[in-house]
Amino acid sequence: MAKADYKNVWVLAEVQRGKLSPTAYELLTAGRKLADELHEKLCAVLLGFEVESFAQDLIERGADCVYICDDVHLEHYIDDVYAKVLNSLVKTYKPNKFLIPATNRGRALSAKTAVFIGTGLTADATDVQIHQEDGQLYATRPTFGGNLMATITCAKTRPEMCSLRPMSYERAVPQPGRKGEIIRFPFDATQHTSLAKFIEFIKNKGNDLDLSEAKVIVAGGRGIGKKEGFQLLAQLAERLGGTVAASRPPVDNGWIDYRYQIGLTGRTVKPKLYIACGISGQIQHMAGMSGADVVVAINKDPNAPIMKTAHYAVEGDLYEVIPAMLESL
Ligand SMILES: Cc1cc2nc3c(=O)[nH]c(=O)nc-3n(C[C@H](O)[C@H](O)[C@H](O)COP(=O)(O)OP(=O)(O)OC[C@H]3O[C@@H](n4cnc5c(N)ncnc54)[C@H](O)[C@@H]3O)c2cc1C
């Protein structure tokens, strides 16, 4: 592979059911830094139907160029089809680095695309850097259950691909009037095919929950002791205008749905206030919430790890502390 032929940093701007995902802005922040260090262009990729209206926003937030494949066949997400379009785009324009959000969809899409292209992918990274000597992408991600951070490179093939965890970077802010190029890429119905067919979109019940947007999160851990404990947490969350979440044991115990899980194998969140109730603060949990502005821990055990790292550590039984908080609120 003639690696020198591969230029520019690409980011996938994900569109979900007609809305541009805020992960696009996070990837623009990460990508801008990489592109500047390499003295290359930052390009965003938009796939979908009627998505062209998002291009100027991406340009104002740092993209020098936006590749758009806009076609009715892309209205509903099918990973084969999307991965084949990305493969065609990559083979045509030869990017050097390609960042994709590590959302549920992005995790599947990035893996499939990397296989079609025949290149390497670092999945679920939390940080990306350019190595000063050789310009390679150094992608860092937690490994061995979060006990180690591994920095992974892709020495032989291009583009170097990486899926980047949501919330790992700040969102790029717009610079109104910023100019950039738009390149339209044709959809090829003979090439961009799939055996899968979109039939129907079924919304999850109560799926209006958006933990990544929540300003206040009241999370419960094993210390809650029972499913009903979440009702008390929900009262506190409601009073503070927030939502509940959980560590892994309540999910494993069936007290709450998996989509509420925070941590390494759950969601990453960045609220202004995170109240951890009956959570010890193991590294796999902290991986999902350490970006919170203020952490309050309520725990019976003053030696629990989270009591050392929280901004406010309340020693006590959550079933006494939370009612007292509700009363004074
Ligand atoms: C590969 C891997 C991935 C993982 N991914 C995740 C993940 O995504 N998210 C995650 O959370 N975990 C994850 N884990 C599990 C993680 O290692 C911990 O086991 C888990 O976070 C512990 O949850 P906890 O703090 O709720 O429970 P515990 O560690 O058991 O802590 C319970 C705490 O509650 C306190 N407590 C008990 N009763 C009360 C009370 N009445 N009032 C106040 N405090 C009380 C106790 O003092 C204790 O500190 C993962 C593990 C592995 C190996």
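1. Basis. This is a predicted model, in which local features need pLDDT of at least 70, side-chain atom pairs count only at pLDDT 80 or more, and totals for chains, interfaces and linings use all residues. Residues are numbered from 1 along each chain as its sequence is written, and side-chain values use heavy atoms, with hydrogens and water left out.

2. Ligand shell. There are 27 residues around the ligand (a residue is near a molecule if one of its heavy atoms lies within 4 Å of it). Arg222, Ser247, Thr265, Ser280 and Asn299 come nearest. By class, the shell holds 7 nonpolar, 15 polar and 5 charged residues. Here Ala, Val, Leu, Ile, Met, Phe, Trp, Tyr, Cys and Pro count as nonpolar, Asp, Glu, Lys and Arg as charged, and the others, Gly among them, as polar. At least two shell residues come from each of α6 (248-252), α7 (283-289) and β16 (294-299). Helices (H or I, at least four residues) and strands (E, at least two) are DSSP runs, numbered from the N terminus.

3. The side chain of Gln284 places an N or O atom 2.8 Å from a ligand oxygen. At Gly278, a polar backbone atom is 3.0 Å from an oxygen of the ligand. Asp317 has a polar side-chain atom 3.1 Å from a ligand nitrogen. On its own, the ligand has 990 Å² of accessible area, and the protein covers 77% of that (Shrake-Rupley method, 1.4 Å probe).

4. Second largest pocket. Its volume is about 320 Å³, the space filled by probe spheres set on grid points joined across faces, edges and corners. A pocket is an open set of points on a 1 Å grid over the protein atoms alone, where a 1.4 Å probe fits, with protein on both sides within 12 Å along at least five of seven lines; lining residues have an atom within 4 Å of a point. Of the 14 lining residues, Met167, Arg171, Ser212, Lys215 and Lys270 are closest to the centre. The lining has 4 nonpolar, 2 polar and 8 charged residues. Domain 1 (3-184) and domain 2 (211-328) both contribute to the lining, so the pocket lies between them. The domain bounds come from an automatic or database assignment.

5. Backbone details. The Arg158 to Pro159 peptide bond is cis, with omega near -5°. Pro159 sits in the loop between β10 (148-152) and β11 (160-164). Glu50 is not a glycine, yet has a positive phi of about 60°. The loop between β4 (42-48) and α2 (55-60) holds Glu50.

Conventions. A polar contact is a pair of N or O atoms within 3.5 Å; within protein, one must be able to donate a hydrogen and the other to accept it, and residues adjacent in sequence count only if both atoms are side-chain atoms.
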